[in-house]
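Please keep the sequence and the model in view while reading.

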Amino acid sequence: MQITKQDLMYEGKGKKLYKTNQNHLVISEFKDDLTAFNAEKKGSEEGKGVLNCKISTEIFKLLESKGVKTHYVETLSDNAMVCQFVKIIPIEVVVRNIATGSLSKRLGIKEGEILPFTLVEFYYKDDALGDPLINDEHALILKCVHSLESLDILRERGRKVNEILRPFFDDKNLMLVDFKLEFGINEKGEIILADEISPDSCRFWDKQTKEKLDKDRFRQDLGSVKVAYEEILKRILG
């Protein structure tokens, strides 16, 4: 059956989700909008949505080939993909290999210091609260999940994604500094990877120059956002 786009069901900072003629599938349309600091800073970069869709497509395909279940079904157009409908778990799973950003600010660890082990942190998805850092007990109190076992699954999946992507990008002359993952529960009750994996949700540094090739170019007013995203796609396809 041909998949057709129907009503808009949700619009976030970086994507629009549409219902389709198949209840278990949605269309995720990537936007050109840029936001930072919980949407306090806003902008737009023409072509960013297309680049993020293409990058996410390649990474989802890679992860699926390595046994990681994702919501990805197929790419529909330059800026849209068909995905399984999931109920998003309101936890951002942040995986860190190198200190930067909020970790450096919170703990005083020098930016660029390689961590002694991969750090996985949970943040509560709530814009009004600024997506605060939470622990396991907080997650249960907030009813983000129903059990500690679910949190263990999120940690394990985060580390598995890192074990796949870190050497993959290293081979592309890129350092995978840190990244954010979101997970959802599909119609079968499975916890699967959702959202996107792109320079909007990952920090990439060039291995030699340490040049930042991700949304930090927007956050820190470094310019050339689209050029950086194009470079990431070029290296992935290269």
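A salt bridge is a side-chain nitrogen of Lys or Arg within 4 Å of a carboxyl oxygen of Asp or Glu. The model discussed here is predicted.

Q: How many salt bridges does a search of the whole structure find?
A: The search applies the 4 Å limit between nitrogen and carboxyl oxygen. Over the whole structure, the number of salt bridges found is 26.

Q: How many residues apart in sequence are the parts tied together by Glu-196 and Lys-15?
A: The side chains of Glu-196 and Lys-15 meet in a salt bridge, at 2.6 Å from N to O. Glu-196 lies in the loop between strand E13 (191-194) and E14, whereas Lys-15 lies in strand E2 (residues 15-20), so the pair ties together parts whose separation in sequence, in residues, is 181.

Q: Is Glu-196 buried or exposed?
A: Buried means under 20% relative accessible area. The relative accessibility of Glu-196 is 6%, so Glu-196 counts as buried.

Q: Over the face of which residue does Lys-15 lie?
A: Lys-15 is itself buried, with a relative accessible area of 10%. At 5.7 Å from the ring centre, Lys-15 lies over the face of Phe-30.

Q: Which helix holds both Arg-155 and Asp-152?
A: Arg-155 and Asp-152 meet through their side chains in a salt bridge of 3.7 Å, N to O. The two residues are three residues apart, about one turn of the helix, and both lie in helix H4.

Q: Which strand holds Arg-203, the partner of Asp-178 in a salt bridge?
A: The closest N and O atoms of Asp-178 and Arg-203 are 2.9 Å apart. The pair links distant parts of the chain, 25 residues apart: Asp-178 lies in strand E12 (residues 174-185), and Arg-203 lies in strand E14.

Q: Is the aromatic pair of Phe-60 and Tyr-72 stacked or edge-to-face?
A: Planes under 30 degrees apart count as stacked. The ring centres of Phe-60 and Tyr-72 are 6.2 Å apart, with 20° between the planes, and the pair is stacked.

Q: What is the angle between the ring planes of Phe-169 and Phe-204?
A: Phe-169 lies in helix H4 (residues 148-170) and Phe-204 in strand E14 (residues 202-206), so the pair ties together parts that are 35 residues apart in sequence. Both residues are buried. The pair is tilted, with ring centres 4.7 Å apart and planes at 55°.

Conventions
Residues are numbered from 1 along each chain as its sequence is written. This is a predicted model: local features need pLDDT of at least 70, side-chain atom pairs count only at pLDDT 80 or more; totals for chains, interfaces and linings use all residues. Side-chain values use heavy atoms; hydrogens and water are left out. Rings of Phe, Tyr and Trp (its six-membered ring) pair if their centres lie within 6.5 Å; planes under 30 degrees apart count as stacked, over 60 as edge-to-face and the rest as tilted. Helices (H or I, at least four residues) and strands (E, at least two) are DSSP runs, numbered from the N terminus. Buried means under 20% relative accessible area, exposed over 50%, partly exposed in between (1.4 Å probe, protein chains only). A charge sits over a ring if NZ of Lys or CZ of Arg is within 6 Å of the ring centre and within 35 degrees of the ring normal.
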